Amino acid sequence: MIDSSPTKTSIEKTVFPILFALSFSHLLNDTIQSLIPAIYPVIKTNYHLSFSQIGLITLTFQLAASLLQPFVGLYTDKKPQPYSLATGMGFTLIGLVTLSQSTHFYTMLISVSFIGIGSSIFHPEASRMAQAASGGKRGLAQSVFQLGGNAGSSLGPLLAAWIIVPHGQMSIIWFSAIAFLAIVILTYVGNWYKGFVLSRSKKSTIQTVVNQFSRKKIIFSVSILLFLIFSKYFYMASLTNYFTFYLIDKFDVSVKTSQLYLFIFLFSVAAGSLLGGPIGDKIGRKYVIWASILGTAPFTLLLPHANLFWVGVLIVPIGMILASAFSAILVYAQELIPGKVGLVAGLFFGFAFGMGGIGSALLGKLADRTSIEYVFNICAFLPLIGLLTGFLPNIETKK
């Protein structure tokens, strides 16, 4: 087992004010990001965009948010950057302002790429800071951090329904106040990280490795984890980006009603994100990964055949169960590869964003050629990939 928990001379207590500040900043960051898919019904109508173009907008954002993350994580593992989070939020602010003014498809692509770059800078170092403030409760820390992000994602549809749909695309600029608030909070977190964690880690944090897995076993295990991320985020892409169109097409609901259903799903994701980490700390992360990926399959298989009422019921367990996976997967991978917290966080956050973007583009193309209902029938089988969890080693029992 790899034991990288703090020793008696390192941080002994969980620094909840910092965790909550990181979680709230994650909420603000992902609230801004969630505005992108939330405005799709508006811009699709206003600018006569196809599903393929909607998919390309998501792909551009997700690639910008994913490709840089492993490199950012690798760099900050060697040279921590306390104020990089505030800098990343500055990129997000630029993208937000330009998106509110965009009247052409290509300027939209440029705008969302700025928001993506901000995300790629934010997530790896924020994950490092969360672990630094965890006091050894790494699963709990990652879950608290993820809770903020998923809660922020769930707010996008509500904000779109209440503000953007009635007031138009220009109202996106009002959310620049959120970015400014995040910059202030992240500067405060950066001061803590610079003045406390870095000084103590140089003096006292000790990392030990006991009976480490072979390089081949680690590569094999990481590959399985990435397949699980693939299944999770391909399915998430279908719901996050096309669920509103599915409801409008199949049940003839209004845009505002479809956004409320999307909010129910994303709020369920936020609620479920707090479960995986703490449970994994207690019973083992592999069991949580098993349940959180494969456990959604019965509900996803039923969803395409349900009426509107049962769709509203089914998306709650789908969101809650599926959301518990990421914290467990991330901490499992960080225990598998000690001393590379930023690199692992960047790799998995980046891969998650990348899979979401590629999934959105491919599913949009498929929807154009077939139908949005056909897309949901195909995606219903993705959680069955969770069967691969059986090949992961039990790192908690490896002494």
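Reply: Leaving aside neighbours within four places in sequence, A352 is in contact (heavy atoms within 4.5 Å) with I229, Y233 and F326. The place of A352 is in helix 16, residues 341–369, where helices are DSSP runs of H or I with at least four residues, numbered from the N terminus. A352 counts as buried because its relative accessibility is 3%, buried meaning under 20% relative accessible area, exposed over 50% and partly exposed in between, with a 1.4 Å probe and protein chains only.

This is a predicted model, in which local features need pLDDT of at least 70 and side-chain atom pairs count only at pLDDT 80 or more, while totals for chains, interfaces and linings use all residues. Residues are numbered from 1 along each chain as its sequence is written, and side-chain values use heavy atoms, with hydrogens and water left out.

Turning to charged pairs, side chains of opposite charge can pair when their charged atoms come close. With a salt bridge taken as a side-chain nitrogen of Lys or Arg within 4 Å of a carboxyl oxygen of Asp or Glu, the count comes to four. One of them joins the side chains of R138 and E335, at 3.1 Å from N to O. This pair links distant parts of the chain, since R138 belongs to helix 7 (residues 138–167) and E335 to helix 15 (residues 325–336), 197 residues apart. R138 is buried, with a relative accessible area of 8%, and E335 also counts as buried, at 6% relative accessibility.

E335 has a salt bridge with R285 as well, at 2.9 Å from N to O; here helix 15 is linked to helix 12 (residues 285–294), which holds R285, and the partners are 50 residues apart. R285 counts as buried at 6% relative accessibility, and salt bridges that share partners join R138, R285 and E335 into one network.

A salt bridge between E373 and K250 has an N to O distance of 3.7 Å. E373 lies in helix 17 (residues 372–379) and K250 in helix 9, so this pair ties together parts that are 123 residues apart in sequence. E373 counts as partly exposed, at 30% relative accessibility, and K250 likewise counts as partly exposed, at 27%.

Definitions and conventions:
Helix = DSSP H or I, 4+ residues; strand = E, 2+ residues; numbered from the N terminus.
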